[in-house]
Amino acid sequence: MALPIVPVTDAERTGGMLTRDAGMAFYKALAESGVVILRGLFAPAMIDGLYREFAARFGNFDGAAMQAMSERPAPNPIQKNGDGRFEMVMRMSGGFGQPALFANPILMNLLKPMLGDDLMRLASMSAVASFPGAQLQHVHRDGAKLFGEFPNIEPALPPYAITAAIPLIDVDD
């Protein structure tokens, strides 16, 4: 399945808002596919900085070391999330503490009409690292259905939560 892509221009990124046409393309893709890629939402220099910071925090760990760390008693910021895949709770400091990351103006402007200006909450910030040999992650939703007992109503409801994934490496292949 090809994922819908809405390109973000340098001018849009600098201004903190998509053009009307790009915004409508975002909403259309999200409604039809449940997912949309905002290519260029973050400046490459920002992503490079986040990658370097992630590497400084976790780059010395291989799969075996991450496995051992995930087995430590709670509270534990590292959780095994499949064979060769781990999820780490990110401390919101340094680059990961920048409002431009977790409260990106373009994302905020897109999400406010859907989630409400005063109702949005950041529920978590984590990173997922996959090591050699990890299988492709299956397509899944990160939240439960609100009305699972009424499956036909779910597609008609607006979203109540949005997950934003920000790859720090090239994932086009």
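**View 1**
The bridge partner of lysine 80 is phenylalanine 86, in strand E4. This is a predicted model. Strands E3 and E4 are antiparallel and pair over three bridges. Four residues separate the two strands of this hairpin. Glycine 82 sits in the turn, with a positive phi of about 115 degrees. Most residues other than glycine have a negative phi.

**View 1. A salt bridge links lysine 80 and aspartate 83.**
The side chains of lysine 80 and aspartate 83 meet at 3.7 Å, N to O. Are these two residues buried or exposed? Aspartate 83 is exposed, because its relative accessible area is 60% and the cut-off for exposed is over 50%. Lysine 80 has a relative accessible area of 37%, so it counts as partly exposed.

**View 2. Strand E4 also pairs with strand E5.**
E4 and E5 run in the antiparallel sense, with five bridges. Phenylalanine 86 has a bridge partner here too: alanine 129 in E5. Valine 89 stands opposite serine 126 of E5. Strand E5 has two faces. Ala127 and Ala129 make up the covered face. Ser126, Val128 and Ser130 make up the uncovered one.

**View 3. Helix H3 spans residues 44–58.**
How far apart are the end C-alpha atoms of H3? They are 21 Å apart. Which residues of H3 are buried? They are Met46, Ile47, Leu50, Glu53, Phe54 and Phe58.

**View 4. The buried residues of H3 pack against other elements.**
What do the buried residues of H3 pack against? Three of the partners are strands: E3 (78–80), E4 (85–89) and E5 (126–130). Helix H5 (99–102) is a partner as well.

Glutamate 53 belongs to helix H3 and is one of its buried residues. Which residues does glutamate 53 contact, leaving aside neighbours within four places in sequence? They are Ser93, Gly94, Gly95 and Phe96. Take glycine 95 as an example. In sequence, glycine 95 and glutamate 53 are 42 residues apart. In space, their C-alpha atoms are 7.2 Å apart.

**View 5. Glutamate 53 and arginine 57 form a salt bridge.**
The side chains of these two residues meet at 2.6 Å, N to O. The pair also counts as a polar contact of 2.6 Å. Arginine 57 and glutamate 53 are four residues apart in H3, so about one helical turn separates them. An α-helix has 3.6 residues a turn, so residues three or four places apart point the same way. Arginine 57 is partly exposed, because its relative accessible area is 24%.

**View 6. Helix H1 holds another salt bridge.**
A search of the whole structure finds four salt bridges. One of them joins arginine 13 and aspartate 10, at 2.5 Å from N to O. Where do the two residues lie? Both are in helix H1 (residues 10–15), three residues apart, or about one turn of the helix. Side chains of opposite charge can pair when their charged atoms come close. Aspartate 10 has a relative accessibility of 54%, so it counts as exposed. Arginine 13 has a relative accessible area of 23%, so it is partly exposed.

**View 7. The peptide bond from alanine 74 to proline 75 is cis.**
Omega is near -5 degrees for this bond. Most peptide bonds are trans. Where does proline 75 lie? Proline 75 is in the loop between helix H4 (63–70) and strand E3.

**View 8. Glutamate 154 is buried after strand E5.**
Glutamate 154 is found in the segment that follows E5. Glutamate 154 counts as buried because its relative accessibility is 15%, and the cut-off for buried is under 20%. What does the side chain of glutamate 154 reach at 2.7 Å? The backbone nitrogen of phenylalanine 147. Not counting residues up to four places away in sequence, glutamate 154 touches Lys145, Leu146, Phe147 and Gly148.

Technical notes: Residues are numbered from 1 along each chain as its sequence is written. This is a predicted model: local features need pLDDT of at least 70, side-chain atom pairs count only at pLDDT 80 or more; totals for chains, interfaces and linings use all residues. Side-chain values use heavy atoms; hydrogens and water are left out. The expected span of a helix is 1.5 Å times one less than its number of residues. Buried means under 20% relative accessible area, exposed over 50%, partly exposed in between (1.4 Å probe, protein chains only). Contact means heavy atoms within 4.5 Å. A polar contact is a pair of N or O atoms within 3.5 Å; within protein, one must be able to donate a hydrogen and the other to accept it, and residues adjacent in sequence count only if both atoms are side-chain atoms. Two strands pair if DSSP finds at least two bridges between them.
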